[in-house]
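Colleague: Hi! Could you walk me through the helix packing in this one? I have a few quick questions.

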There are 4 protein chains.
Amino acid sequence: MDKIPYDKTADHSRAMAEKRLDFLKQQTQADLSHIAQFDFDPALTQGNIENFIGVAQVPLGLVGPLLIHGEFAQGHFYVPLATTEGTLVASYNRGAKLAAIAGGIQTTVVEAAMQRAPLFVFENARQARQFGQWVKDHFETIQQVAESTSSVAKLLNIEQYAASKMRWLRFNYHTGDAAGQNMVTKATREACQWILKQGVEGLSHFSLAANFDTDKKHSTINTLHTRGKRVVAELTIPKALMQEVMHIDGQVMAYQRNLSNLGAYFCGSVNNGSHYANGLTALFMATGQDVANIAESASGLTYTEIKPNGDLYFSITIPSLIVATYGGGTGLPTQRECLSILGCYGKDKVNKLAEIAAALVLCGEVSLSSAIIADEWVSSHEKHGRNRP
Amino acid sequence: MDKIPYDKTADHSRAMAEKRLDFLKQQTQADLSHIAQFDFDPALTQGNIENFIGVAQVPLGLVGPLLIHGEFAQGHFYVPLATTEGTLVASYNRGAKLAAIAGGIQTTVVEAAMQRAPLFVFENARQARQFGQWVKDHFETIQQVAESTSSVAKLLNIEQYAASKMRWLRFNYHTGDAAGQNMVTKATREACQWILKQGVEGLSHFSLAANFDTDKKHSTINTLHTRGKRVVAELTIPKALMQEVMHIDGQVMAYQRNLSNLGAYFCGSVNNGSHYANGLTALFMATGQDVANIAESASGLTYTEIKPNGDLYFSITIPSLIVATYGGGTGLPTQRECLSILGCYGKDKVNKLAEIAAALVLCGEVSLSSAIIADEWVSSHEKHGRNRP
Amino acid sequence: MDKIPYDKTADHSRAMAEKRLDFLKQQTQADLSHIAQFDFDPALTQGNIENFIGVAQVPLGLVGPLLIHGEFAQGHFYVPLATTEGTLVASYNRGAKLAAIAGGIQTTVVEAAMQRAPLFVFENARQARQFGQWVKDHFETIQQVAESTSSVAKLLNIEQYAASKMRWLRFNYHTGDAAGQNMVTKATREACQWILKQGVEGLSHFSLAANFDTDKKHSTINTLHTRGKRVVAELTIPKALMQEVMHIDGQVMAYQRNLSNLGAYFCGSVNNGSHYANGLTALFMATGQDVANIAESASGLTYTEIKPNGDLYFSITIPSLIVATYGGGTGLPTQRECLSILGCYGKDKVNKLAEIAAALVLCGEVSLSSAIIADEWVSSHEKHGRNRP
Amino acid sequence: MDKIPYDKTADHSRAMAEKRLDFLKQQTQADLSHIAQFDFDPALTQGNIENFIGVAQVPLGLVGPLLIHGEFAQGHFYVPLATTEGTLVASYNRGAKLAAIAGGIQTTVVEAAMQRAPLFVFENARQARQFGQWVKDHFETIQQVAESTSSVAKLLNIEQYAASKMRWLRFNYHTGDAAGQNMVTKATREACQWILKQGVEGLSHFSLAANFDTDKKHSTINTLHTRGKRVVAELTIPKALMQEVMHIDGQVMAYQRNLSNLGAYFCGSVNNGSHYANGLTALFMATGQDVANIAESASGLTYTEIKPNGDLYFSITIPSLIVATYGGGTGLPTQRECLSILGCYGKDKVNKLAEIAAALVLCGEVSLSSAIIADEWVSSHEKHGRNRP
């Protein structure tokens with residue numbers, strides 16, 4: 001039992017999980033019976049977790065059908081969302097219904113790239129500049145070395161950023177159906193080791209990462225230059241429908257958007273929309289994504305306009321959506337089932353999932369915006385939500 | 001069966017969940033046996049989800065003991081983390097071990113407030129300014145009206161933000177052990193309805209929300225003025241320990257921090273640290289938090305310095321940590337158990353949970369920083385991580 | 001002659017200026033006859049410059065009449081602008097003409113405060129928090145001490161910002177007709193010295209400034225919390241006029257604004273308008289302002305909307321306009337004359353000047369926006385501008 | 001006389017200037033004798049100003065010798081600064097002296113580009129993406145068309161930015177010794193007109209500018225991707241010198257920098273340094289630069305580190321320094337003389353001027369940082385500054 005602290009055993013057996021739970025019960029006097037109720041062989045979690053003790057059971061609700069006209073996602077989709085927040089599923093559902101009646105959501109993955117951005121520090125700025133030129137001149141070799149580490153990763157280009165005596169190289173890769181953070185770390189490390197071996201003049205320090213990727217947090221550079229997928233969802237809502245289904249006027253929604261744009265800009269918000277994070281997080285939890293990427297994926301650009309005929313064009317852009325249909329948590333039992341519901345498990349599916357995610361976000365934006373305007377927001381929470389203190 | 005699309009039934013029974021799953025199986029031909037394996041009465045999820053179909057089972061791993069010297073969290077804690085990302089638990093565990101050897105982490109909740117920020121639009125800027133004065137003059141009445149909606153919410157103050165003919169009022173509340181977003185929405189709505197009844201001169205438009213809260217996304221205003229808890233974790237690592245346990249030099253870590261600070265600043269990142277989001281998300285998923293709040297909670301300020309004696313002072317500040325130990329998903333079976341492991345379920349526990357969260361984040365920062373410097377990062381992923389393409 | 005390098009003489013005589021010019025001529029073989037052509041006693045520049053050698057002669061052009069309905073600026077104003085950029089005066093003039101025909105610009109100073117933000121560093125976060133409370137408890141004494149240094153400065157409040165073991169205190173003052181940076185530095189220093197004498201527990205470091213003011217550079221905190229004056233200018237342009245005078249449609253301008261808002265937000269710009277800096281800089285140079293404050297004063301928030309009747313409401317907000325009508329360069333010969341043209345020299349005039357500045361900015365925004373839309377932009381530069389390579 | 005309002009006469013004669021001044025005197029009863037004291041033929045100002053009435057006389061002070069080891073600026077420079085702010089010249093002079101004793105400042109222009117960023121709006125995101133590919137495929141022709149408008153402008157590349165149904169093209173040019181904003185506007189307009197003539201599928205709106213340049217305001221995109229020159233100045237200050245000349249310890253200055261970095265990051269400042277704007281503005285006013293560009297040029301990245309031997313490495317980076325030695329106001333009498341003092345008038349001089357500007361900024365940063373630490377800041381203002389209220 002004295003081995004539990006800072007456990008390092010590679011043991012993913014049910015027996016070891018129980019041992020840990022027993023230890024915890026003894027330490028905390030807590031009843032831990034539900035955590036232990038997983039219905040799969042815990043050996044499956046090898047590569048997904050260490051010191052396994054059981055599972056969190058997170059409720060799944062269903063949104064749909066979501067009508068999508070994507071390049072990869074086409075037709076009606078039922079979307080499983082994992083959340084503990086009342087009203088969330090109902091709200092996205094309401095948006096999905098409106099979207100379907102309006103004719104469906106068009107989705108487009110406009111760019112894709114995953115990054116690792118090593119830092120090279122020199123004796124002075126001039127050497128850093130010279131190194132920048134050297135990297136440009138040797139791009140093809142660097143590419144070969146980087147790509148030698150994986151059958152999937154493709155190095156697209158290397159952006160360069162200069163300050164003081166530093167040069168950040170931002171390696172952009174295609175990573176197939178994996179999110180790819182580990183893949184690009186490995187590839188970039190290999191490339192950098194090759195670079196370092198060439199004898200870089202004036203180099204005083206090297207670091208494989210120094211916040212320019214940017215990983216697990218939002219940054220303007222990610223908004224500008226894509227991290228994961230840059231995906232757009234668009235919907236044109238006929239004038240009559242707004243009133244009928246959402247009980248508001250399209251002009252009023254456009255007016256509210258104008259104000260919300262100013263608000264977001266004024267207070268330094270990283271998303272001028274309402275709550276991209278809600279739908280995305282619930283989808284990520286359901287489908288075995290790296291949920292911490294919500295920190296990056298929840299930023300976005302909402303844009304609407306009133307068409308000459310009075311219809312409302314509504315779009316959302318997610319510049320740094322990080323999703324996978326392969327690797328990571330996607331193969332675990334319930335996660336894989338949720339991906340299967342979407343027809344998104346496995347290879348050549350990642351753009352489809354990205355499109356579904358964007359369409360979902362759009363539903364939530366239309367729905368919450370309408371609710372705020374129609375003042376149905378509080379009452380809706382009172383109806384669906386748990387009674388809170 | 002034709003009722004499944006845009007389901008609105010309030011039925012949270014197991015039978016209805018099965019009906020929905022049957023419908024899904026029929027639609028998608030997917031095997032959905034794991035989703036259905038929840039071990040509790042789904043009626044419990046009323047208020048947490050709509051259109052319930054089952055659960056996502058997310059692996060839980062154990063970190064600890066984490067030695068914390070907080071005002072609310074004191075002693076050794078075992079922290080359950082829900083994640084599907086290999087290496088994560090091992091990495092936080094390594095940080096926890098170092099922190100304990102170094103004498104433990106000091107944690108402090110330095111501020112607390114939850115917001116709703118309604119917008120008042122006027123005919124012109126002068127009327128908006130006049131309204132601002134009126135609000136100041138009537139603060140006590142507004143406070144009474146707002147607080148009449150809840151036995152918990154306490155209105156602390158109202159910040160005002162002016163642009164064009166607009167005035168945003170940012171209502172700051174204490175919300176007890178709940179995260180409080182719904183509570184403050186309700187209270188603020190009541191206060192605003194009272195304000196509107198007084199006949200506000202020149203008012204042309206009102207909106208209960210217009211991006212100044214800021215909800216479900218990071219903003220500079222939240223970093224400056226706290227959303228949820230502003231919590232600090234601090235650790236002083238003796239010079240000798242750095243080398244022994246982390247295999248690096250404190251001077252090198254401080255140097256790397258200097259570079260990472262510049263990187264984060266340069267690229268417009270909202271966090272100058274490494275990966276607050278990883279630990280926080282895993283803790284949020286385990287303990288029934290509103291995981292979408294990671295979009296707000298993952299921003300932060302990392303600060304280190306070398307002490308005259310060569311020791312390394314390492315601190316993290318989370319300015320907008322949104323946590324709850326009551327309400328929302330905290331009462332669901334596994335979530336409640338995870339809170340119990342931490343001694344954090346129920347009332348008067350929220351500051352304790354905030355302190356544990358901050359201490360956990362600090363462990364992750366120390367650990368990953370060290371790994372990058374010692375170049376153990378890639379190899380560690382190769383050891384613990386799933387083989388990826 | 002050997003005294004010229006790093007000159008420290010307090011001598012502001014014409015003879016000394018000539019001596020310095022002779023030295024320069026000898027060093028550089030340049031003809032420096034124009035610099036020497038100032039028409040006032042250089043002793044006047046004591047307090048404005050050191051190592052005086054002569055003057056830069058910057059061309060002045062005239063905009064107006066600008067019709068303003070302010071609380072301080074009322075009526076028609078001719079505005080002298082100092083610039084070397086062709087088209088600038090003509091463009092602002094065009095906007096002024098439109099504004100006058102449209103009925104004039106309403107201006108409002110909605111807030112005013114000048115800052116100094118000292119930093120107190122402690123042993124740990126808890127002591128910093130305790131200090132924060134102490135400062136709140138002793139506000140009145142701190143106020144008295146601060147205000148004892150000046151007959152003008154009034155301490156309004158002290159904002160507090162917490163991170164790690166630090167506490168920034170942001171002292172907000174009214175500073176009369178001076179911009180006030182030196183006044184508030186002196187007052188805050190005195191207040192801090194008093195604080196330090198009380199024996200602050202755990203204090204490890206103090207700095208009178210550490211970037212939280214924020215001085216001579218834009219920051220979000222200044223946009224949120226005002227530095228100098230927060231001033232709004234508003235204009236409603238009748239639908240018919242847009243076409244007649246600006247040759248464009250109001251709907252088109254509102255559409256373009258929607259796009260420009262997205263552009264500014266997307267690329268992380270600190271002003272969603274077009275070129276506030278042009279008019280402000282020219283006004284600052286003409287009237288003896290501290291022109292370096294353009295770095296702070298040029299940020300802003302542009303907001304427009306189409307009224308139900310088709311008229312265009314156009315507003316600009318400058319959240320950190322730093323102007324003075326007393327002190328600094330305002331008393332120098334040509335600068336004072338320019339202030340006199342505006343009726344703005346001396347005491348109790350600063351709000352008037354702030355209103356004129358805002359009205360001017362609005363003219364430039366309307367004018368350039370129209371020009372871009374009507375594609376008159378390039379041709380206008382070709383007409384007025386210097387032939388460039 | 002009735003022609004003065006909204007004057008449009010192209011008349012740049014002395015007689016017309018006097019007529020305008022007479023009109024102003026009549027309107028305002030102000031004495032305007034100094035404004036009229038310019039010593040050159042006002043016809044020279046054609047292309048620099050409209051509605052000419054005279055000149056602002058701005059005091060010039062001298063800093064130097066500034067010892068620079070640039071690629072273009074080499075040796076000792078005396079720098080004329082135009083300002084009305086007491087202490088400014090003395091402070092930069094103090095920094096220049098320290099820098100010279102320390103061995104001189106190394107300067108490097110690491111990148112250079114001037115932009116215009118037209119916006120293309122489509123029916124939907126997919127068409128916008130397709131257009132992006134088309135632009136890539138036709139880069140060479142676009143380049144030819146753009147460059148046909150000028151013998152100087154060279155189109156380097158076109159960055160693309162995507163959101164919603166929009167595509168911004170950010171054209172990057174080399175512009176010789178001119179700042180180049182007008183040159184690139186003209187070239188880009190020509191290129192866009194060619195593009196538009198090709199019949200772009202789905203195009204619904206075009207705008208030559210929509211805030212992505214970013215012109216006359218700071219933006220993160222400019223910090224990342226250079227506007228004008230990206231220039232670095234570096235200085236290594238021997239440990240002993242800091243104490244001797246600046247009366248402070250290098251370790252203390254590095255510590256203060258660590259705190260100032262956090263402060264700037266925390267409050268959302270666009271420059272983590274102290275006051276780049278002061279020196280730059282004074283240099284810009286003296287040398288006929290477009291001073292409004294201070295809004296862009298005053299942002300920056302300050303980076304310092306303590307070397308193993310205790311020396312202090314101090315660097316500043318200006319990512320968007322916009323300067324010219326040809327065109328604009330550079331040819332006006334006093335402006336040209338000031339450029340001549342620097343040996344920077346005319347062609348092939350712009351990099352030299354950029355290097356001098358950066359070296360100057362570094363002097364100011366070292367000087368003010370030292371003053372704040374040594375608490376000589378207030379007393380220095382009391383000594384040199386004008387007695388203020």
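Colleague: At roughly what angle do the axes of helix α9 and helix α12 of chain B cross?

Modeller: Keep in mind that this is a predicted model. In chain B, the axes of α9 (residues 276-287) and α12 (residues 350-373) cross at roughly 140° and come within 8 Å.

Colleague: Oblique or roughly antiparallel, then?

Modeller: Oblique: roughly antiparallel needs an angle over 145 degrees, so α9(B) counts as oblique to α12(B).

Colleague: And is that crossing left-handed or right-handed?

Modeller: The crossing of α9(B) and α12(B) is right-handed.

Colleague: Which residues make the contact?

Modeller: From α9(B) you have B:Tyr276, B:Gly279, B:Leu280 and B:Leu283, and from α12(B) there are B:Leu353, B:Ala357, B:Leu360, B:Val361 and B:Glu365. By class, the α9(B) contact with α12(B) has seven nonpolar residues, one polar and one charged.

Colleague: Nice. What about α9 and α12 in chain A, how do their axes cross?

Modeller: In chain A, helix α9 (residues 276-287) and helix α12 (residues 350-373) have axes that come within 8 Å, with a crossing of roughly 140°. That makes α9(A) oblique to α12(A), and their crossing is right-handed.

Colleague: Which residues meet there?

Modeller: On the α9(A) side, A:Tyr276, A:Gly279, A:Leu280 and A:Leu283 meet A:Ala357, A:Leu360, A:Val361 and A:Glu365 of α12(A). This contact of α9(A) with α12(A) counts six nonpolar residues, one polar and one charged.

Colleague: How does α8 of chain A cross α12(A)?

Modeller: The axes of α8 (residues 250-266) of chain A and α12(A) cross at roughly 100° and come within 10 Å. The two helices, α8(A) and α12(A), are therefore roughly perpendicular to each other.

Colleague: Who touches whom in that pair?

Modeller: A:Val252, A:Met253 and A:Gln256 of α8(A) meet a set in α12(A) made up of A:Val366, A:Ser369, A:Ser370, A:Ile372 and A:Ile373. The α8(A) contact with α12(A) has five nonpolar and three polar residues, and no charged ones.

Colleague: Changing topic: what domains does chain A have?

Modeller: The domain assignment gives domain 1 (10-45), domain 2 (60-111 + 229-384) and domain 3 (118-207). In chain A, the C-alpha centres of domain 1 and domain 3 lie 43 Å apart.

Colleague: Last one: what are the confidence scores?

Modeller: Chain A averages a pLDDT of 93, and 96% of its residues score at least 70. The model has an ipTM of 0.96 and a pTM of 0.96.

Key. Residues numbered from 1 in each chain as written. Chains lettered and ligands numbered in written order. Predicted model: local features only at pLDDT ≥ 70, side-chain atom pairs only at ≥ 80, totals over all residues. Heavy atoms only, no water. pLDDT = per-residue confidence, 0-100. Axes fitted to C-alpha atoms, helices over the stretch in contact; angles between N-to-C directions. Helix = DSSP H or I, 4+ residues; strand = E, 2+ residues; numbered from the N terminus. Parallel < 35°, antiparallel > 145°, perpendicular 65-115°, else oblique. Left-handed = near helix turned anticlockwise from the far one by under 90°. Contact = heavy atoms within 4.5 Å. Nonpolar A, V, L, I, M, F, W, Y, C, P; charged D, E, K, R; others polar. Domains from an automatic or database assignment.
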